[in-house]
Amino acid sequence: MQSRKPKFQGQNMSVHPLYKKSMGFSVRAMWQYKCPKCRGKKTALFKKPFQFTKPLDMNDSCSRCGQDFEPEPGYYYGAMFISYILSSFILLPIALVLAFYFEFSNLQMMAVIILLGVLIFFRILRVSRSIWIHAMVKYDPPMKARPKILGRDQ
Ligand SMILES: [Zn+2]
């Protein structure tokens with residue numbers, strides 16, 4: 001693990017409070033597919049424009065900090081479980097409410113759930129990959145980029 005302590009002029013503390021505040025998980029950075037290391041641009045992880053035939057086409061590395069987005073083959077295997085968990089958490093409560101509160105039949109309920117599942121499918125796939133790499137790669141932006149990031153993440 002790297003331990004680089006940022007220095008701030010005129011302040012006698014090891015970690016600047018603003019810097020400390022922006023550490024750790026950022027749901028917004030995951031949701032916007034930002035690079036996990038520098039959290040620079042939106043949709044840094046995936047290639048643009050979005051293509052239905054290649055929904056998981058990712059950039060090789062970050063254009064800003066050089067973070068590798070596929071460090072090893074099969075890196076995103078575990079993201080499969082995240083997408084499973086995410087879709088269960090979203091769809092299961094809806095299915096239960098439809099079945100027990102609105103008293104839908106099984107067939108009606110399944111139709112609604114499958115339709116919803118199709119609608120959120122690509123988003124879930126991509127967000128799972130984003131969560132996966134954000135969980136593995138530590139937030140560690142290049143030093144010169146930090147004040148800018150701090151200003152924006154407030
Ligand atoms: Zn980056």
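I took helices (H or I, at least four residues) and strands (E, at least two) as DSSP runs, numbered from the N terminus. This is a predicted model, and I let local features stand only at pLDDT of at least 70 and side-chain atom pairs only at pLDDT 80 or more, while totals for chains, interfaces and linings use all residues. Residues are numbered from 1 along each chain as its sequence is written.

**Confidence and layout**

I looked up pLDDT, the predictor's confidence in each residue, from 0 to 100, and found a chain mean of 82, with 77% of the residues reaching 70 or more.

I called a residue buried if 20 or more other C-beta atoms lie within 10 Å of its own, exposed if 12 or fewer, and partly exposed in between, with C-beta atoms placed from the backbone; 16% of the 154 residues count as buried. For contacts I required the C-beta atoms of two residues, placed from the backbone, to lie within 7 Å. Among contacts between residues at least 6 apart in sequence, 61% join residues at least 24 apart.

**The loop between helix 2 and helix 3**

P49 has its place in the loop between helix 2 and helix 3 (79-100), and a cis peptide bond joins K48 to P49, with omega about -5 degrees.

Y33 is found in the loop between helix 2 and helix 3, and its phi is near 55 degrees, a positive value in a residue other than glycine. I counted 21 other C-beta atoms within 10 Å of Y33, which means that Y33 is buried. R39 is found in the loop between helix 2 and helix 3, with a positive phi near 45 degrees, again in a residue other than glycine. R39 is buried because 26 other C-beta atoms lie within 10 Å.

**The nonpolar core**

I then turned to the nonpolar core, meaning a set of buried Ala, Val, Leu, Ile, Met, Phe, Trp, Tyr and Cys residues joined through C-beta atoms within 7 Å. In the largest such core, of 14 residues, C35, A44 and L45 touch the most other members. The elements that give two or more residues to this core are helix 2 (27-31) and helix 4 (106-136), and the largest share, four residues, comes from helix 4. Leaving aside neighbours within four places in sequence, L45 is in contact with Y33, C35, M58, N59, F69, S130 and I133.

H134 lies in helix 4 and counts as buried because it has 22 C-beta neighbours inside 10 Å. Beyond its neighbours within four places in sequence, H134 is in contact with F25, A29, M30 and P36. I noted that the C-alpha atoms of H134 and V27, 107 residues apart along the chain, are separated by 9.4 Å.
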